[in-house]
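These notes are meant for a colleague opening the structure for the first time. Please read them with the sequence and the model side by side.

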Amino acid sequence: HAAPGAQAVPPGHDRRPKGHFAAARAKRPRGSGRQLEAGMRGILITCNMNERKCVGEAYSLLGEYGDLLYGPEQFSDPEERLSGSEKEEDEDDVEAALKKEVDQIRTSTEQKLRRFQSVESGANNVVFIRTRGIEPENLVHHILKDMYATKKKKTRVILRMLPISGTCKAFMEDMKKYTETFFEPWFKAPNKGTFQIVYKARNNSHMSREEVIKELAGIVGSLNPENKVDLNNPQYTVVVEIIKNVCCLSVVRDYVLFRKYNLQEVVKSNKEDAQQNPSTVTEEQNLTVVKPETEEEKSSEVKQENKSEGEIQAESKGNDTLTV
């Protein structure tokens with residue numbers, strides 16, 4: 001009789017933890033939204049090695065300007081939702097008290113992460129901050145505009161900060177269908193503008209850079225034939241950043257002026273700034289804050305980190321010649 005008993009216990013004992021951990025693994029990436037996926041909006045940030053510190057700097061910088069533009073986040077206290085009698089009953093009931101504490105922790109965590117939440121980007125030296133309830137393009141442009149004006153360095157490890165106003169699956173048919181609508185606020189007649197397209201792919205080998213640029217440029221042209229390519233100082237830069245099977249998109253202004261949205265470069269003084277300053281950064285920009293300005297800078301972000309400005313300009317031009 002011992003043998004059957006001995007066989008019966010281990011399988012039951014083994015199955016429980018295996019099932020438990022398998023479920024945990026399966027739920028973590030999808031259910032909790034902890035990794036970059038199609039449908040998200042946010043801010044893509046590049047750094048040099050120290051991702052943990054980069055996330056800390058991002059929360060600090062975004063929190064500072066987020067409070068300035070949108071006001072402090074309001075965290076409601078779960079206890080305030082309970083009436084006095086309910087509070088007393090909960091305190092008398094140990095089980096209810098424990099449940100209340102767990103709910104409190106869960107609620108406060110969810111609320112604190114509501115505005116900015118770091119998720120796995122899927123690439124080294126890239127941090128993605130998911131945003132909720134704010135316009136990432138407006139926030140990032142405001143940060144860069146302020147740093148450009150004051151020349152005050154605010155970060156040590158963050159390199160580029162790119163707002164991401166739209167994401168879709170990184171397959172050509174998905175991207176074509178998505179961008180036909182996504183591009184409309186900037187490029188659909190009567191709207192028009194000069195533009196360039198910059199492209200960057202990480203951990204993805206199935207997309208063709210040439211094909212993507214050609215197809216997207218064709219869509220911009222089809223929305224209004226007056227949209228023209230300008231590789232020197234375009235009104236709009238279409239940023240295409242692909243990580244694994246997610247395509248991050250944005251259409252941003254002041255891409256050249258703000259040094260491809262590089263926080264280290266934008267605070268450096270440059271003689272050309274005096275000539276370029278006014279129009280794109282002042283009233284005109286404030287009037288267009290509702291429009292998304294996100295992914296454009298993504299594509300060239302890593303290139304910029306290790307190259308001189310001249311090399312970067314030349315490289316972006318090389319990328320964009322394919323749009324003609």
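1. What covers the buried residues of helix H6? The cover includes strand S5 (166–169), helix H7 (184–187), helix H8 (209–223), strand S8 (236–243) and strand S9 (246–252). Helices (H or I, at least four residues) and strands (E, at least two) are DSSP runs, numbered from the N terminus. Contact means heavy atoms within 4.5 Å.

2. On the basis of these notes: the model is predicted, local features need pLDDT of at least 70, side-chain atom pairs count only at pLDDT 80 or more, and totals for chains, interfaces and linings use all residues. Residues are numbered from 1 along each chain as its sequence is written, and side-chain values use heavy atoms, with hydrogens and water left out.

3. Helix H6 spans residues 172–182, and its buried residues are Met172, Met175, Thr179 and Phe182. They line one face of the helix, because down the axis of H6 they fall within an arc of 95°; the arc is that of the directions from the helix axis to the C-beta atoms. Turned away from this buried side is a face with the exposed residues Glu173, Lys177 and Thr181. Buried means under 20% relative accessible area, exposed over 50%, and partly exposed in between (1.4 Å probe, protein chains only).

4. The sheet is open and has five strands, in the order S5-S9-S8-S6-S7, with mixed pairing. At its edges are S5 and strand S7 (228–229), each pairing on one side only. Two strands pair if DSSP finds at least two bridges between them. Between S8 and S9 the pairing is antiparallel, over seven bridges, and Glu241 stands opposite Cys248 in S9.

5. H6 packs on this sheet and touches S5, S8 and S9, its direction making about 155° with that of S5. H8 lies across strand S6 (194–202), S8 and S9, and runs at about 150° to S6. Axes are lines fitted to C-alpha atoms, for helices over the stretch in contact, and angles run from 0 to 180 degrees between N-to-C directions.

6. How many disulfides are there? The count is zero, where a disulfide is a pair of cysteine sulfur atoms within 2.5 Å. For Cys168 the nearest cysteine sulfur, that of Cys247, is 4.4 Å away. Cys168 is buried at a relative accessible area of 5%. The sulfur of Cys248 has its closest cysteine sulfur in Cys247, at 6.7 Å, too far for a bond. Cys248 is also buried, at 0% relative accessibility.

7. The whole structure holds eight aromatic pairs. Rings of Phe, Tyr and Trp (its six-membered ring) pair if their centres lie within 6.5 Å; planes under 30 degrees apart count as stacked, over 60 as edge-to-face and the rest as tilted. Tyr148 and Phe258 form a tilted pair, with centres 5.5 Å apart and planes at 55°. This pair links distant parts of the chain, 110 residues apart: Tyr148 is in helix H5 (residues 136–150) and Phe258 in the loop between S9 and helix H9 (273–276). Tyr148 is buried at 6% relative accessibility, and Phe258 is buried at 0%.

8. Phe258 also pairs with Tyr261, with ring centres 6.1 Å apart and planes at 55°, so this pair is tilted. Tyr261 is buried, with a relative accessible area of 0%. Elsewhere, ring pairs join Tyr178, Phe182, Phe183, Trp186, Phe187, Phe195 and Tyr236 into a cluster.
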